Amino acid sequence: MANTPDHWREWVTRLPAWICPRCKEGRLKPAENAPVEVPTASTKAGRQSPDWEPDWDEGVFSAIMICDNEKCAEAVTVSGRTSVDVDFNHEGHPFLSTYYKILFAFPSPVPISMPIHTPDGVKSALIAAAGLLWATPDAAMNKLRQAVEAFLSAEKIPSTTTKKPRGRVRLSLHCRITRYGETPKGLPLASALLAAKWLGNAGSHDDGSASVTRDDVLLAFQVVEHVLDERYSDRRQKLLQQITAVNKKKGPVRPTRRKTRVKPPF
Ligand SMILES: [Zn+2]
């Protein structure tokens, strides 16, 4: 069970059934009477005009979503904008649909799964990026860049170096990735980290231009997920152990069954 890119589409007709950010088992469902929708002031005023078209309506919404895992029942608050557009049913008849653009979600679902051994610094940067993704993709991309920096620190790649005559200076992210790529662990991951860095650079333009899209951020999340999965997931390690066992036995390996002891009736 996983979230998919569809759960992060920009405009949706239904609030996405994300995986619960707390228990990672349940799905989030809108609470009773959610979402609450209110038209904007200009929409209310515009409706008085005889020229007003229903699909010009715009508004705001808010909703509480609850995890459907009864043992968890986490509550998530979501809010944003609404817009109305014409859709067509199976028979080609037009009808009006309300579309929601989520601009805020707390606690925010994270688009990727993080292996249990992911370092805390990486986790917290990814959670912060997920929260910023809705309204400011550029800021989310900066947090993802920080996640990559935190990953390299956890891999013991220094963040500074000594240079004459300036003394200790900061190493660029590019330089740190290059150094990591020169290690046996980092060799297969350096190109993915470089891709995350290039995507992150696009989020660092300070001229105010909207240089990063939500899709760019989602791609950067997936790149980081690949790196974390390769480095911290025990799935790969378990598979390698199974490959070794099969080769040793030259065939399938069955789990050894223990003889069940019958307890005496006392
Ligand atoms: Zn939950």
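Predicted model: local features only at pLDDT ≥ 70, side-chain atom pairs only at ≥ 80, totals over all residues.
Residues are numbered from 1 along each chain as its sequence is written. Local features need pLDDT of at least 70 and side-chain atom pairs count only at pLDDT 80 or more, while totals for chains, interfaces and linings use all residues.

**Whole chain**

Show the C-alpha trace first. Along its principal axes the trace spans about 80 × 80 × 40 Å. The radius of gyration of the protein is 25 Å, whereas a compact globule of 266 residues would have one near 18 Å. This radius is taken over C-alpha atoms, and the globule rule is 2.2 Å times the number of residues to the power 0.38.

Switch to a cartoon. There are seven helices and seven strands, in the order β-β-α-β-β-β-α-α-β-β-α-α-α-α along the sequence. Helices (H or I, at least four residues) and strands (E, at least two) are DSSP runs, numbered from the N terminus.

**Two domains**

Colour 1-45 + 54-109 as domain 1 and 110-251 as domain 2; these bounds come from an automatic or database domain assignment. The domain centres, taken over C-alpha atoms, are separated by 30 Å. Where they touch, 13 residues of domain 1 are in contact with nine residues of domain 2. Contact means that the C-beta atoms, placed from the backbone, lie within 7 Å. The domain 1 side of this contact has ten nonpolar, two polar and one charged residues. Ala, Val, Leu, Ile, Met, Phe, Trp, Tyr, Cys and Pro count as nonpolar, Asp, Glu, Lys and Arg as charged, and the others, Gly among them, as polar.

**Helix 3 and helix 6**

Select residues 137-154 (helix 3) and 214-232 (helix 6); their axes come within 9 Å and cross at roughly 15°. Helix 3 is therefore roughly parallel to helix 6. Axes are lines fitted to C-alpha atoms, for helices over the stretch in contact, and angles run from 0 to 180 degrees between N-to-C directions. Angles under 35 degrees count as roughly parallel, over 145 as roughly antiparallel, 65 to 115 as roughly perpendicular and the rest as oblique.

Now show side chains: P137, A140, M141, L144, A147, V148 and F151 of helix 3 meet R214, D216, V217, A220, F221, V224 and V227 of helix 6. These residues comprise twelve nonpolar, no polar and two charged.

**Helix 3 and helix 4**

Helix 3 contributes R145, V148, E149 and L152 to the contact, and helix 4 contributes L173, R176 and Y180.

Terms used:
Contact = placed C-beta atoms within 7 Å.
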